[in-house]
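Thanks, everyone. I'll keep this short. Please have a look at the structure first.

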Amino acid sequence: MLGGQLLYEGKAKRVYVKDENTLLMEFKDVVTALDGVKVSQAPGKGVLNAALSAFFFRLLESRGVNTHFIGYDGGRVLTVRRLKMVPVEVIVRNYAYGSLIKRLPLYKPLSKLGKPIVEYHYKSDELHDPLILPEDILNTGLMSGEELNTVNEVSLRVNEVLSSELVRYGLTLVDFKLEFGRDANGRLLVADEISGDTIRVIDAEGRHLDKEVFRKGGSVEDLIIAYSTLARRLGINVGFRCT
Ligand code: 5GP
């Protein structure tokens, strides 16, 4: 339990108010799958996802992408800017996988897409985060046309930065999910987390170093090994070893 008022508790995180403009994002040792139906304790996962998120946010900031990241001192907590979140999940795909194949089985699993696909999903547990069209976003006022263009451009830029970085470590970025929020000036920043829970990454042997391990029926231990392996491959020291 951190100091400060608990603002929000989700499946994998708690968010506390640090001050008017700053939040603390605490990553829980819990893993869920199947829309929260499968829930398990996962000791070590919080630290791993906090460390992975800090690594990816620092990388993005170093390449000129504006994010909500402020700081990380180890442990399971990130300090981030307080934003008004846009209830849209942006998914960028480089290879066909997951819900893309479910939606359209014509795609061969893990076939490379001619160019990356950017998808928008309305963030709603009740509706299971349905795929929506850019027109839906504009018609309902979820984002303005200018904001939608920015989100599309920034998401593709994030894809370039993450893909090229992972390639340096012999890893392939299959797809990932981003969320955006507006600061007090209405500026859109990349927010939430970028971790083993929100990306799909495979090694040269096609092994998943992400949550897919658990979604496919693997154990919590398998999941922790996958996330630890990803962290180790990226040179992140989380202070414990399980690989
Ligand atoms: P898919 O739509 O194929 O299930 O997921 C595409 C990518 O977005 C995957 O990397 C997956 O981890 C991520 N993703 C999609 N929806 C969610 C979500 O509701 N929560 C989280 N944490 N990640 C998601």
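Is Asp 29 buried or exposed? Asp 29 counts as buried, because its relative accessibility is 18% and the cut-off for buried is under 20%. Keep in mind that this is a predicted model.

Now its partner. The side chain of Asp 29 meets that of Arg 76 in a salt bridge, at 3.1 Å from N to O. Where do the two sit? Asp 29 is in the loop between strand E3 (22-27) and strand E4 (30-33). Arg 76 is in the loop between strand E6 (69-72) and strand E7 (77-81). Arg 76 itself counts as partly exposed, at 27% relative accessibility.

E6 and E7 form a hairpin with 4 residues between them. In the turn, Gly 74 has a positive phi of about 90 degrees. The two strands run antiparallel and are joined by 3 bridges. Phe 69 stands opposite Val 80 in E7.

E7 also pairs with E3. That pairing is antiparallel, over 5 bridges. Met 25 has Leu 78 in E7 as its bridge partner. How much of E7 is buried? The strand is mostly covered, with 4 of its 5 residues buried.

Next salt bridge: Glu 165 and Arg 63. Their closest N and O atoms are 3.6 Å apart. Glu 165 belongs to helix H4 (residues 145-168). Arg 63 lies in the loop between helix H1 (45-62) and E6. Again, the pair links distant parts of the chain, here 102 residues apart. Glu 165 is buried, with a relative accessible area of 6%. Arg 63 counts as partly exposed, at 35%.

Glu 89 counts as buried, at 10% relative accessibility. Lys 123 is partly exposed, with a relative accessible area of 35%.

Some salt bridges share partners. One network joins Arg 93, Arg 103, Glu 119, Asp 175, Arg 200, Glu 212, Arg 215 and Lys 216.

And the total? How many salt bridges does a search of the whole structure find? It finds 26.

Note on methods: Residues are numbered from 1 along each chain as its sequence is written. This is a predicted model: local features need pLDDT of at least 70, side-chain atom pairs count only at pLDDT 80 or more; totals for chains, interfaces and linings use all residues. Side-chain values use heavy atoms; hydrogens and water are left out. A salt bridge is a side-chain nitrogen of Lys or Arg within 4 Å of a carboxyl oxygen of Asp or Glu. Buried means under 20% relative accessible area, exposed over 50%, partly exposed in between (1.4 Å probe, protein chains only). Two strands pair if DSSP finds at least two bridges between them.
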